[in-house]
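The sequence and the structure come first.

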Amino acid sequence: MRAIPVPHYGRWLAAAILALLAAMGIHSVATNKNFHWELIWKTLFTVEIFRAIGWTLILTVASMAIGIVLAILMAIMRRSDNPIMRAVATFYIWFFRGTPVYTQLIFWGLIGVLYPRLSFGVPFGEEFFSFRTYDLFTAAVSAIVGLGLNEGAYLSEIIRSGLNSVDKGQEEAAQALGMSPRQILYRIIIPQAMRVIVPPTGNETISMLKTTSLVTAVPFTFELTKVATDYGSQTLLPIPFLVVAAIWYLVITSVLMIGQARLEAYYGKGSTNSTSRASRRRKRKRNESRQEAINAAHTTPGGNSGQWTP
């Protein structure tokens, strides 16, 4: 029996319209002299731009590291039986999710105005040592701390939802086997929760990459967007340098998306809902092998009337 595929004229028409619009957009951008493409290609690989990219990556990685550590701690505290630990975690999440990150960065940039000096010692007693606040909280440190604290509040809810997605019966079974709460958390719950945690965490990482453009509130002046806007102000041509920044953001985001897809495929092994390329490839090979076995059984001489038993 020969199967005739159903024609989908609407799909081809929509694809043709989208292709036409895309071609018109590309032609318009490529031929528009106001973009100053010669200046864009000249600036794209300069040392100053690469230095700004390096600082942007440092801010992203350091802030996400702080955010992940705080998020895991707050998620565990939210699940604790201790009401004080739950209250502290709830207050932290409420405060840092309830105020804009730009406002928080301004606060960290002005921390030296509120506390010109920091000291350690006995409360209402002798000080052991003290130092100027701005000696420790430089612009880079303030930016990293501000972004990390804000990110920890959002990631904590992601991690908590991932931990809660694991069936309670598995925890009870591990307890019946004599495993300690720490062993249950790190060997039973977290490995399974990663399947739920990784996708939104990857999205938060990509979002953090772009949120670093707000560190001018600290002020931190070596970030990619700030460097691009400074060049635009000096040359009175802001658009080409913003295009340079956008191109590099797209490149870095694409790399992060590839890494996120690999992590999702790794932690999604064995999942019936996995849609990764590797899982689709394995499923296709299984179907092909099964079809070859059926065909071989049908064509075997002396077979049981073409019948095949799996």
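## Aromatic pairs and helix packing

The whole structure, which is a predicted model, contains 16 aromatic pairs according to a search. A pair of aromatic rings is described by the distance of the centres and the angle of the planes. Two of the pairs are set out below.

| Pair | Distance of ring centres | Angle of planes | Class |
|---|---|---|---|
| Trp108 and Phe137 | 5.8 Å | 25° | stacked |
| Phe220 and Phe222 | 5.6 Å | 75° | edge-to-face |

The pair of Trp108 and Phe137 counts as stacked because the planes of the two rings are at 25°, and the cut-off for stacking is under 30 degrees. Trp108 belongs to helix 5 (residues 101-109), whereas Phe137 sits in the loop between helix 7 (133-136) and helix 8 (139-164), so the pair ties together parts that are 29 residues apart in sequence. Trp108 is buried, at a relative accessible area of 14%, and Phe137 is buried too, at 16%.

For Phe220 and Phe222, the planes are at 75°, so the pair is edge-to-face. Phe220 has 3% relative accessibility and counts as buried, while Phe222, at 44%, counts as partly exposed.

Ring pairs also join Phe91, Tyr92, Trp94, Phe95 and Phe96 into a cluster.

Two packed helices are described by the angle between their axes and the distance between the axes. How do helix 3 and helix 4 pack? Their axes lie 8 Å apart, at an angle of about 135°, with helix 3 spanning residues 47-78 and helix 4 spanning residues 83-98. The two helices are therefore oblique to each other, and their crossing is left-handed.

What is the geometry of helix 4 and helix 8? Their axes come within 9 Å and cross at roughly 120°, and this crossing is left-handed. The contact of helix 4 with helix 8 comprises six nonpolar, four polar and two charged residues.

Conventions
Residues numbered from 1 in each chain as written. Predicted model: local features only at pLDDT ≥ 70, side-chain atom pairs only at ≥ 80, totals over all residues. Heavy atoms only, no water. Axes fitted to C-alpha atoms, helices over the stretch in contact; angles between N-to-C directions. Helix = DSSP H or I, 4+ residues; strand = E, 2+ residues; numbered from the N terminus. Parallel < 35°, antiparallel > 145°, perpendicular 65-115°, else oblique. Left-handed = near helix turned anticlockwise from the far one by under 90°. Phe/Tyr/Trp six-rings, centres within 6.5 Å; stacked < 30°, edge-to-face > 60°. Buried < 20%, exposed > 50% of the residue type's maximum accessible area, 1.4 Å probe, protein only. Nonpolar A, V, L, I, M, F, W, Y, C, P; charged D, E, K, R; others polar.
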